[in-house]
Amino acid sequence: MPDNNPIIDDRIRDLLADRSQMRQWVDCFGSPLNLTFPEIGVENARRWRDTVTAVYPNTDIRFSMKACKSDALAKAFTLAGLGLDVSSAQELTAALEAYACGDRISFTGPDKPSHDLAMCIVHGVGVNLDSTCELKRFLDLQKMLSRKGRPVLRLRPAEQAESRFGFGAGDLLSAARDLKAAGSDIEGLSFHLSRYDSNARIRVAREALGLIREMRAHGIAVKSLSIGGGYLMRYLDEPMDSQTFEPENYWHNKSIEDTYPYAGKTCAEHQAASILDGILSDPESRETLLQNDIRLLLEPGRALLDQCGGTLFSVTGTKPTSSGANAAILEGMSFSLSETWFNSDFVPKPVLLSGRTSEPNNQHYVLVGRSCLERDIIRWRLEQFGSQPQPGDLFYFHNTAGYQMDSNESPFHRIPLPRKASIFFAGSTPACQLDSEVNIGSFTGL
């Protein structure tokens, strides 16, 4: 059976080789400690931009900030030329502090409070409108503020008619007419899709372009189309074995019913390029895009964060369990590795950073948190680590920046939220500073 070892950037692998440095940072900032790598974020952004604009030059990439609450990574992406996608007034504030201009910010999420809508209008942010009620509030706020906003109408696709997001096609056209009657230009159309089906994204993009043609036939101009996120990130260097999720591989024979496809066959930016190519392969869609100079927006989250972060947990002790396996108790809780809270498990194997040389150990361990919750399991999979974890050792979980390190974080037991530290490799030795304190002066050679 494959070991499910993660793909790790050579710079990070070298960093992990200096266990004393890792220990020093954890002693300084606490456990768990989330590490972010902003320079890798810059590299990812440039690679994404070059790949997708080679297919369709008028493409704008906007990082979905909900994927990771890292100020440093948001700044890395804007400094590399990307926009940002936000879903709350707080994320919008963070986006502005990350040097993003209003016209490079998208505000998504359904039925936003009036305060959020007002901020979008004032700062010139493209705001997705999701319902007739929200549209009315938006128009009223434009009058109150004596400002024109940048409305984006979100389509509820015909093949996802049960979704709670967006307008059906008929209602969307009616909303477009209401905006025109109010003297509002329409910034664009968007849609929300769950899961990672590239063909579905191509079909719905073509559906949306058909609506854009219909709107233009009635004198309603549209500037952009957002095709959203949903691009697969590759965590593992080898395919997952069919036995990976057999219950006997998990503590108490836990059944893993669903999990992220960690061993994707293609890199995320190439999947995105393939989707763009699929949209353009339809002659009518291609003509609509090119003749009307429609800008395509992509809003990747996790897929832009490949190699951009990891999480360190300190070991506090071990104990045998009734199942015959051992539990390694970590200084932290499963809130800081979100996958277990979706009845799933984080598949990539963590790295044990030990401060001593010990006898080989073939025992299996489940990694558990320190809270009083029975289900506070950081990783359910039973694993051998070559040696016995000892108090003071560290476990490093790689590639946790996307929806893992902070999606479900909680100050349970009044324990402070984990801190983030950003690591920069540009100098002769890796430099570390708090993620929240990273600013434009932290980046060199951009």
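Good morning. At 27% relative accessibility, R213 counts as partly exposed, a class that lies between buried, under 20% relative accessible area, and exposed, over 50%, with a 1.4 Å probe and protein chains only. E284 also counts as partly exposed, because its relative accessibility is 45%. The side chains of R213 and E284 meet in a salt bridge, at 3.5 Å from N to O. By salt bridge I mean a side-chain nitrogen of Lys or Arg within 4 Å of a carboxyl oxygen of Asp or Glu. This pair links distant parts of the chain, with R213 in helix 9 (residues 198–217) and E284 in helix 11 (residues 283–291), 71 residues apart. Helices (H or I, at least four residues) and strands (E, at least two) are DSSP runs, numbered from the N terminus.

Before I continue, a word on the source. This is a predicted model, in which local features need pLDDT of at least 70 and side-chain atom pairs count only at pLDDT 80 or more, while totals for chains, interfaces and linings use all residues. Residues are numbered from 1 along each chain as its sequence is written, and side-chain values use heavy atoms, leaving out hydrogens and water.

To return to charged pairs, the structure holds 21 salt bridges. One of them joins the side chains of D130 and R154, at 2.9 Å from N to O. D130 sits in the loop between strand 5 (126–129) and helix 7 (132–145), and R154 in strand 6 (residues 150–155), so placed that the pair links parts of the chain 24 residues apart. Both D130 and R154 are buried. Another salt bridge, at 3.5 Å from N to O, brings together the side chains of R381 and E383, and these two residues are buried as well.

I turn now to the strands. In the order 2-3-4-5-6-7-8-9, 8 strands close into a barrel with parallel pairing; two strands pair if DSSP finds at least two bridges between them. From one strand to the next, the twist averages 25°, where axes are lines fitted to C-alpha atoms, for helices over the stretch in contact, and angles run from 0 to 180 degrees between N-to-C directions. I186 stands opposite V222 in strand 8.

Strand 16 (residues 419–424) is largely enclosed by the rest of the structure, because 5 of its 6 residues are buried. Strand 16 pairs in the parallel sense with strand 1 (residues 33–36) over 4 bridges, and L33 has R419 as its bridge partner. With strand 17 (residues 431–434), strand 16 pairs in the antiparallel sense, again over 4 bridges. A hairpin of 6 residues joins strand 16 to strand 17.

The largest nonpolar core has 102 residues, of which W48, L153, L225 and I227 touch the most other members. Such a core is a set of buried Ala, Val, Leu, Ile, Met, Phe, Trp, Tyr and Cys residues joined through side-chain atoms within 4.5 Å. Helix 9 gives the most to this core, with 9 residues. A second, separate core of 20 residues includes Y235, Y260, A328 and L352.

Thank you for your attention.
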